[in-house]
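Hi,

Here is the structure I promised to pass on. Have a look at it first, and my notes on what turned up follow below.

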Amino acid sequence: MVFSQTERDGLRKMSVIADIPSLDVSDLAEAGAESVAFATFLRDIRRHIHQHPELGFEEYRTSEFVRSILERHGLAVTGPLAGTGLYTDIEGAHDGPVIAYRADMDALPTADAKSVKYASRHPGVAHLCGHDAHTAIAIGVALILHRNREHLRGTVRVLFQPDEEGTPGGAVNMVRDGVLDGVQGIYAIHVDPSLETGRYGVLDGPVTSSKDRFRICVKASSTGHSARPHEVVDTIWVANQIANALYQMVGRFTDARQAAVLTICRFHAGDAYNVIPEQAELGGTIRTTDAKERTAINQRLERIANELAGLYGVEVQVDIEAGAPAVKNDPRLTKHVASVIRSFCGEEAVFHIPLPSMGSEDFGHYLEKIPGMLLRAGTRSAPESAYPLHSDHFDIDEGALAPTAALMAHVLRTHPDQEPG
Ligand code: NI
């Protein structure tokens, strides 16, 4: 579903969008973190989006809401692009590079179990990964930079993308639609309920894993009698051989020094207790922080399935759906972010993440094109904000919104120039 201009204008007029939070930006100096009005403004934005979550590529209202706020505060918006995405360019008064800051807008297809007054009003859809907070923070970043553009060198492009949770992820469409053209570096944050508010998780190099989905379907020429499996091919038995071989890949076939994990999460076959089914299907995900291992595991998975199917005389179909690549933080940008955190919030605010996550982030698609840095922002201050990402009770300490927006605005404003050469 794509909205026409008239439909979008209509949407804007609807009550959900008419209630646009606004802020007197005159006191929005770079220390936006200290402004109570700014903190309340971002909290209201986050709560509005939290109450009205939308799934990937369906963020029509969220996208219009973001556009309305930015336009009300004098920013020009480009979009929709990549489906429901948009961006705003903040042009500084001085020459300099174009750099980007990215937020994601999509929610998850899970019910919100919280009983707070800003809980999701859409049954079965909820912001349980903090993308509502990412969007609010990015609006804050854009407004701070816009207010202080006379001190800004170059241009900062603030991106609002759809469908981060999807496969391959909305970032692919954003890149396809040219949002990175001429852009030299990109930053993003992800909220982190394992870290206290005011602390930021930093890691140089791989910080999240790639994620590919696979589906293997084993098909025999007919069903069989459970008393006489030798007369047919037992597809469940063959699928089990494949499953066992796949589980043995990590650590035997892969380099033990490289992080990788393969998990089978679907296994469907049969119905009756005494009929050998014609078909058995399994599926799951492959995750690794190393691009070479990623290719090697995917190729080996296909080969294992094909060769075992050949050995036992069944047909096999293997589908691998490529998801996000691993996010690999650029060392120079990581150093820059860490030094801004130190000077803004003190040494103790920097948390050195010990190991990359085996989770994935579609921010990796941008980093295949240009250097970038994904920062984890602590959002835990009480038991209510300590639930893990994707938990149906997930919530954040909203006190983290304004300081994080101010911090990221400073990171962007002081982005280090490219080293010569
Ligand atoms: Ni997320």
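**Helices first**

Helix α4 is mostly covered, with ten of its 13 residues buried; buried here means under 20% relative accessible area, exposed means over 50%, and partly exposed is in between (1.4 Å probe, protein chains only). Helices (H or I, at least four residues) and strands (E, at least two) are DSSP runs, numbered from the N terminus. Before going on: this is a predicted model, so local features need pLDDT of at least 70 and side-chain atom pairs count only at pLDDT 80 or more, while totals for chains, interfaces and linings use all residues. Residues are numbered from 1 along each chain as its sequence is written, and side-chain values use heavy atoms, with hydrogens and water left out.

Back to α4, which covers residues 60–72. Among its buried residues are Tyr60, Phe65, Arg67 and Leu70. Gly74 follows α4 and has a positive phi, near 90°.

Eleven of the 13 residues in α12 are buried, including Leu401, Met408 and His410.

**The nickel site**

What coordinates the nickel ion? The donors are Cys129 (SG), His131 (NE2) and His190 (NE2), at 2.2 to 2.4 Å. Donors are N, O and S atoms within 2.8 Å of the metal (3.2 Å for Na, K and Ca), and water is not among the atoms, so the site may look incomplete. Along the chain the spacing of the donors is C-x1-H-x58-H. Cys129 sits in the loop between β3 (94–104) and α5 (131–147) and His190 in strand β5, so the pair ties together parts that are 61 residues apart in sequence. Cys129 and His190 are both buried.

**The largest pocket**

The largest pocket has a volume of about 470 Å³. For the method: on a 1 Å grid over the protein atoms alone, a pocket is an open set of points with protein on both sides within 12 Å along at least five of seven lines, and lining residues have an atom within 4 Å of a point. Its lining has 25 residues, and Cys129, Glu165, Gly359, Ser360 and His390 lie nearest the centre. Strand β5 gives the most to the lining, with five residues.

His390 has another feature: its phi is positive, near 75°, in a residue other than glycine. His390 lies in the loop between β16 and α12 and is partly exposed, with a relative accessible area of 40%.

Searching the whole structure gives zero disulfides (a disulfide is a pair of cysteine sulfur atoms within 2.5 Å). For Cys217, the nearest cysteine sulfur is that of Cys265, 17 Å away. Cys217 counts as buried at 8% relative accessibility, whereas Cys265 counts as exposed at 60%.

A cis peptide bond joins Gly79 and Pro80, with omega about 5°, and Pro80 is in strand β1 (residues 77–81). The bond from Thr167 to Pro168 is cis too, with omega near 10°.

Cheers

Conventions: On a 1 Å grid over the protein atoms alone, a cavity is a set of points where a 1.4 Å probe fits but cannot get out, and a pocket is an open set with protein on both sides within 12 Å along at least five of seven lines; lining residues have an atom within 4 Å of a point. Grid points are joined across faces, edges and corners, and a volume is the space filled by probe spheres set on the points. The expected span of a helix is 1.5 Å times one less than its number of residues.
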